[in-house]
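Open the model in your viewer and keep the selection tool ready. We will go stop by stop.

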Amino acid sequence: MELEQHIARPRGTAARGAQSPPPDLAAQLDDKSRTGADDVPTATVFCEGNFGQIDGKTANGLVRHSQAYRIVSVIDSVFDGRDSGEVLDETGNGIPVLANLAAAIACLGATPDTLIYGMAPSNGKLSPSDRAVVLDAIARGMNIVSGLHEYLGDDPEISAAARSFNVTIRDIRKPRASKDMRLFDGSVGAVKAIRIAVLGTDCAIGKRTTATVLAKALNAMGVKTVLVGTGQTGLMQGARYGVAMDAVPPQFCCGELERVILAASEGEDPEVILIEGQGALGHPAFCTSAFILRGSQPHGVILQHAPMRTRRCDFPNMLMPDPRSEIALIEAFADTKVIGVTINHEGMLKPQVAAAIRDYRRDLRLPVTDALLRPGTDLAEMVLSAYPQLRPAPVLVAQ
């Protein structure tokens, strides 16, 4: 995550020159958004006015990594005609940003299978203008995927249109029926895998992206790792195990997370289970970090922080915490240890990133890296240093 929006810049400007350093995403993210596989539905991501911004974090994440959908375009008239990878990370990915749905269809030469609502507005609701786009997509025969707190499948107008045009609506955040939900019972304590939660000092700070990079790096090193998603973007990307934590009634949050961790353990027998974080433990607007710590009972925590962010996202009157205070809070709240810190480099130049990593290493006495700008092996080494039993045995070659 999640660095869904990792470069701070004014609307209508591109990520160029001295604005920020270009990350080597291709070497770090297992991006299957353009696989071309016939069995993967095509999707255009609607993100009008928000691509590359914090409220566009779902779209940002999907163009970087998607297994469930083949992302063919992004809709945002601000960057019409640009390459989405160039806008986000100064690295082209061949996925165009287009002005509207008609242009997206014309560019592909066919109607995409799916329209994904790629924004996460703070109110969690659909605006009137966005409603018109959703209804237009349905009329064109496109399925709808939404991560809003407002369930589009329960909307009388939208659901009627979906029935009329024989398309589906997938509300990612809609939880299971309460009768099917699980209460926490402590079974997660018997899971053999090392459990690591990737938390942060704020929301929309890069937790999911860091967890995705770490999972790929560990698996590449031979450490079998499974990522458990806890938010709408990770589930849209195709996380096999996960639950949208912020849509589950509080009394079931810990139990529902425990359920998917047990399923991941039983289904994959991994050595490591990574748990995507949500919000921040010290943020008064979010409770999900507390449920994640209680429900997953992690052995360790990696903390994501944005050094240049002075105010909490969407809360301009709230100052950002120092990582030291968040680390102390996490370790006081749960029987766990913070094993490393990762940098969200929004608004930073390369020398500033290097200086932040150096200073945090010295002051926090912890490993520190940037998940996008530094090699994924640096991130994996954080875990292997904390849990040396995971380190793969060297292969001996007969002389």
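In which sense do β14 and strand β15 pair, and over how many bridges? Select residues 368-369 for β15: β14 and β15 pair in the parallel sense over two bridges. Strands here are DSSP runs of E, at least two residues long, and helices are runs of H or I, at least four, numbered from the N terminus. Two strands pair if DSSP finds at least two bridges between them. Pick V341 next; its bridge partner in β15 is V368.

A note on the source: this is a predicted model, where local features need pLDDT of at least 70, side-chain atom pairs count only at pLDDT 80 or more, and totals for chains, interfaces and linings use all residues. Residues are numbered from 1 along each chain as its sequence is written, and side-chain values use heavy atoms, with hydrogens and water left out.

Now select residues 337-343, strand β14.

Look for H305, which stands opposite I343 in β14.

Of its 43 residues, F51, I71, V74, L115, I116 and V134 touch the most other members. Helix α4 (residues 128-139) gives the largest share of this core, four residues.

Last stop: a second, separate core of 42 residues, including V301, I330, V341 and Y360.

Notes:
Buried < 20%, exposed > 50% of the residue type's maximum accessible area, 1.4 Å probe, protein only. Core = buried A, V, L, I, M, F, W, Y, C linked by side-chain atoms within 4.5 Å.
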